[in-house]
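Colleague: I would like to learn how to read strands, helix packing and backbone angles in a model. Please take one feature at a time.

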Amino acid sequence: MKRYLLATGIVVTAVAAFISCSTLVETAGTLGTIVGEQQGYITSAQGDSIRKSTTAVAKSLEEFTPEHEYYIGRAVGAVVLSKYKVYANSRLNDYVNVLGQTLAAASDKPDIFGGYHFLVLDSDDINAFATPGGHIFVTRGLIRCCPSEDALATVLAHEIGHVQLRHGMQSIEKARTAQALTILATEGAKNLGSSEVAQLTDTFSGVISDITNSLINNGYSRSFEYQADQASVELVNRLGYNPEGLIDMLQVMGKNIKKGGLDFAKTHPAPSDRIKEIHSKQKLTSVVEPDIRRERFKAAIADI
Amino acid sequence: MTYIRFMIVGLVLFSVLCVSMHVNAEETMSVQVKESEIRATPSFLGKIVAKVVYGDRVIVSEKNGSWTKVSLKGGGSQGWMHASALTTKRIVLKSGQTNVLTGAGQDELALAGKGFDDQVEASFAKQNKKLDYTWINMMETFKVAPEAMNAFLVQGEVGAPSEGGPQ
C-alpha cells in the first residue's frame with residue numbers, strides 16, 4: 001500500500017511538472033488522462049471527453065497570431081470607415097493619439113502587431129469602435145460626453161480594454177474560428193496557390209462580417225462591456241487619472257443619448273446600469289484635476 | 001504493478017525532457033510585432049537602447065513581472081522588452097527578409113504557418129471595392145514617441161506612473 005501511495009505521489013508530481021510546461025499542456029493533459037484511466041479513477045468514456053475538450057481548448061483563439069489580428073483589424077476598420085466619415089482635425093486627432101497611446105503603453109498589453117492608433121469620426125452619434133488590430137475610433141458625439149481629459153481617458157481606456165480582452169476576436173462564430181484555424185494550420189510555410197488564397201479570403205470575409213456585426217449592429221454582451229469598464233478603471237488608476245471621469249462621462253451620456261438610436265443606445269448597457277456595475281465592483285478614489293490639464297483639454301476639443 | 005513502474009520511469013524521463021525543453025524555449029524568443037523597442041529600464045518610459053522588428057531573435061536573461069531582459073541574438077544591445085512583444089515560437093522568414101515593413105507580396109513572414117496577410121487583404125479588398133484603406137493607412141502613421149508621452153504626463157500633472165511601469 002505504501003509503495004502504491006509513493007508511486008501515485010511520483011505520478012502526481014511528474015504530471016504537475018508537465019503541466020508547468022506550457023508548450024506541452026495538451027500532451028500532459030492527455031498523459032494525465034491515460035494515467036487516470038489506467039488507475040481506474042475515471043472511465044474510458046470520461047477520458048475521451050477530457051481528451052476532446054483539451055484539444056478544443058488548445059485549438060482556440062490563441063492560435064491567431066498578432067499579425068492575423070492586425071490584418072483582421074485593418075479590414076474591420078475599413079468597414080467602420082465605410083459607415084462613418086473621418087473628422088480630419090489634426091489638433092484633435094493628435095491629442096487623442098497622445099492620450100490614447102500613452103494609456104496603451106502603460107497597459108498590460110502595450111505591444112500589439114501594429115500598435116494602437118486613434119481616429120475621431122465626424123458624427124453626432126455616441127459611438128466608439130475598437131478593432132482586434134488596435135485601430136480605435138471615437139465619434140465627436142462621444143467626445144462631447146466627456147467633460148474632462150480624465151473622462152476622455154476612461155473612454156479610450158475602455159476601448160483599449162476591448163482590444164486586450166480580445167472581445168472582437170471572441171465574436172467570431174465558433175465554427176468559423178475552427179474553419180479558419182484549420183486552414184491556417186494546414187497552410188504551413190509553403191507558397192499559396194490562387195485557390196488557397198481564394199479559400200482564405202472567403203474565411204477572412206466571414207471573420208470580418210462576424211466581428212463587424214457585433215461591433216456595429218448588435219453590440220457585445222453586457223458582460224464584455226462591464227469587463228471593459230473594469231479594465232478602464234484599472235488602467236486610468238495606474239497612470240494617475242481620475243477614475244471618476246468614467247462616471248462623469250456616463251452621466252452626460254445618460255442625458256445626451258437618444259432612445260432608439262443605432263449607436264450606444266443600441267449596443268451598450270444603459271449608462272445608469274454601467275455606473276451601478278462599476279460602483280458594485282470597487283470604491284473609486286477621486287483625483288483632483290489640475291488647471292493646466294483642464295486648459296489643454298479645452299483647447300484640444302475647441303472645435304468639437 | 002509492472003506497468004506502473006514502467007509508467008513512472010517513462011513519466012520521470014518525460015518530465016526531464018519537458019523541463020529541458022522549457023528552459024531552451026525560454027532562452028530564445030522572437031519578436032511577434034511589426035516593431036518594438038529594447039529599453040534601458042523595465043518601463044514604457046524607459047530610454048530606448050535599440051529597435052527590433054518582426055522575426056528578430058532575442059536571448060532571454062531575466063524576467064521581472066511583464067518585462068523580460070533580453071539581448072539581441074548575435075551580440076549587441078541588451079535591455080528590457082514587454083512580454084507582449086515576444087513569443088517562444090520561431091517566426092519563419094520566407095525569403096530571408098527580416099523586416100515586414102520592407103517585405104512585399106511573396107516576402108510574407110510566417111508565424112507557425114501562413115494566414116491572413118497582405119496577400120489575403122489585397123484579394124479581400126478587390127472583392128470589396130467600396131472599402132477604402134486610405135485612412136487606415138493614414139492613422140497607422142500616427143505614432144507617439146516615449147519622450148512625448150512623458151512630456152504629456154508631466155505637463156498635465158498626471159500622477160507619476162507606478163515605479164517600473166506596468167507589471
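Modeller: What follows goes from the conventions to the sheet, the helix pairs and a few single residues.

Modeller: This is a predicted model, in which local features need pLDDT of at least 70 and side-chain atom pairs count only at pLDDT 80 or more, while totals for chains, interfaces and linings use all residues. Residues are numbered from 1 along each chain as its sequence is written, and chains are lettered from A and ligands numbered from 1 in the order in which they are written.

Colleague: How many helices and strands are there in chain A?

Modeller: Helices (H or I, at least four residues) and strands (E, at least two) are DSSP runs, numbered from the N terminus. On that basis chain A has 15 helices and three strands.

Colleague: What is the order of the strands in the sheet of chain A?

Modeller: Two strands pair if DSSP finds at least two bridges between them. In chain A the order is β1-β3-β2, an open sheet of three strands with mixed pairing. Its edge strands, β1 (117-121) and β2 (128-130), each pair on one side only. From one strand to the next the twist averages 15 degrees.

Colleague: Which pairs run parallel or antiparallel?

Modeller: β1(A) and β3(A) are parallel, over five bridges. β2(A) and β3(A), the latter residues 135-139, are antiparallel, with three bridges.

Colleague: Is β1(A) buried or exposed?

Modeller: Burial is a neighbour count: a residue is buried if 20 or more other C-beta atoms, placed from the backbone, lie within 10 Å of its own, exposed if 12 or fewer, and partly exposed in between. Five of the five residues of β1(A) are buried, so this strand is largely enclosed by the rest of the structure. Both of its faces are covered, with His117(A), Leu119(A) and Leu121(A) on one side and Phe118(A) and Val120(A) on the other. For chain A as a whole, buried residues make up 46% of the 304 residues.

Colleague: Which helix lies across the sheet strands?

Modeller: Helix α7 (residues 149-164) of chain A lies across β1, β2 and β3 of chain A, at about 35 degrees to β2(A). Axes are lines fitted to C-alpha atoms, for helices over the stretch in contact, and angles run from 0 to 180 degrees between N-to-C directions.

Colleague: And how should I read two packed helices?

Modeller: Two packed helices are described by the angle between their axes and the distance between the axes. The axes of α7(A) and helix α11 (residues 222-239) of chain A come within 7 Å and cross at roughly 120 degrees. That makes α7(A) oblique to α11(A); angles under 35 degrees count as roughly parallel, over 145 as roughly antiparallel, 65 to 115 as roughly perpendicular and the rest as oblique.

Colleague: Which residues of α7(A) meet α11(A)?

Modeller: Contact here has a cut-off: C-beta atoms, placed from the backbone, lie within 7 Å. Among the residues in α7(A) that meet α11(A) are Ala157(A) and Gly161(A), and the α11(A) side includes Gln227(A) and Leu235(A). Gln227(A) is partly exposed, with 17 C-beta neighbours inside 10 Å. Leaving aside neighbours within four places in sequence, Gln227(A) is in contact with Gly161(A) and Leu165(A).

Colleague: What is the angle between α10(A) and α2(B)?

Modeller: Helix α10 (residues 194-218) of chain A and helix α2 (residues 118-127) of chain B cross at roughly 70 degrees, with axes that come within 9 Å. That makes α10(A) roughly perpendicular to α2(B). The contact is made by Val197(A), Leu200(A), Thr201(A), Phe204(A) and Ser205(A) of α10(A) and Gln119(B), Val120(B), Ser123(B), Phe124(B) and Gln127(B) of α2(B).

Colleague: What should I check in the backbone angles?

Modeller: Most residues other than glycine have a negative phi, and most peptide bonds are trans. Arg166(A) has a positive phi of about 55 degrees although it is not a glycine. Arg166(A) is found in the loop between α7 and α8 (167-170) of chain A, and is partly exposed, with 16 other C-beta atoms within 10 Å.

Colleague: Where does Glu157(B) lie?

Modeller: Glu157(B) lies in the segment after α4 (146-155) of chain B. Its phi is near 50 degrees, a positive value in a residue other than glycine. Glu157(B) is partly exposed, with 14 other C-beta atoms within 10 Å.

Key:
Contact = placed C-beta atoms within 7 Å.
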